[in-house]
Amino acid sequence: MTTARQHYSLTTRGRRLLAATAIAATVAAVTASCSKDDKATPPSPSPTASPSPATDPQAAEKAVLLGVYRTFWDAQLKVYATGTMKDTGIEKVGADKAYAKVQATRIYYVDNGFVMQGAPALTPSVTALDMASSPASAMVTDCLDSTNYFQVEKESGKRVPTIDSVRRHVATYTALKIGGAWQIRDFDISRDRTC
């Protein structure tokens, strides 16, 4: 027969043994999960909405304007290659000072017996756009590369030497939207600004 003291002692020892076993099992489990052989998987990041690129609310208007700008250049090429403004379409996309400047350049070429051949490389961008003004106004900036655009004598086809060896210049074009359509109204090719 066991005494109360022995009973207490066995029960206390049993509890201590169980507790020690539980602690040992826990330590073993934790150690096993942190071993070098096991690769812990980092928690996956919570899904977040990736920021969408900012869209330009005036992108469509700028695209239309750049189309008009290129049409203006196509018309200029016809004027300078033929020596006439007729049937070139210049009057639809060019007005005001821009039209007058093309006309003056055409007269210079005709008077000197020159025509232009080839075409410049264009890289235009809309650098200002004010749709709130009346009429709406804009500016197109370009780096005109005239490496493959040159004067020739109309009769002989002989190339006319140029004084300017730099063939890339900054050009700015102003435009107004009249009657729902963009028109190039003025331009300036800066001979002292290269690009």
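Let's start with Gln 76, which counts as buried because its relative accessibility is 3%; buried means under 20% relative accessible area, exposed over 50%, and partly exposed in between, with a 1.4 Å probe and protein chains only. This is a predicted model, where local features need pLDDT of at least 70 and side-chain atom pairs count only at pLDDT 80 or more, while totals for chains, interfaces and linings use all residues. Residues are numbered from 1 along each chain as its sequence is written, and side-chain values use heavy atoms, leaving out hydrogens and water.

So where does Gln 76 sit? Its place is in helix H2, residues 59-82. Helices here are DSSP runs of H or I with at least four residues, strands are runs of E with at least two, and both are numbered from the N terminus. Not counting residues up to four places away in sequence, Gln 76 touches Ile 90, Val 102 and Phe 187, a contact being heavy atoms within 4.5 Å.

Let's follow one of those partners. Leaving aside neighbours within four places in sequence, Val 102 is in contact with Phe 72, Gln 76, Val 79, Tyr 80, Met 85, Ile 90 and Phe 187.

Val 102 also brings us to the largest nonpolar core, which has 31 residues. By nonpolar core I mean a set of buried Ala, Val, Leu, Ile, Met, Phe, Trp, Tyr and Cys residues joined through side-chain atoms within 4.5 Å. Touching the most other members are Tyr 69, Phe 72, Val 102, Tyr 173 and Trp 182. Elements giving two or more residues to this core include helix H4 (96-112), strand E1 (114-118) and strand E5 (168-178). Which element gives the most? That is H2, with eight residues.

Now, please look at the cysteines. One disulfide is counted, taking a disulfide as a pair of cysteine sulfur atoms within 2.5 Å. It joins Cys 143 to Cys 195, with 1.9 Å from S to S. The pair links distant parts of the chain, 52 residues apart: Cys 143 is in strand E3 (residues 137-145), and Cys 195 is in the segment after strand E6 (181-194). The torsion about the S-S bond is about 90°, so this disulfide is right-handed. Are the two ends buried or exposed? Cys 143 counts as buried at 13% relative accessibility, whereas Cys 195, at 36%, counts as partly exposed.

Finally, the whole chain. There are four helices and six strands, running α-α-α-α-β-β-β-β-β-β from the N terminus on. Of the 195 residues, 28% are buried.
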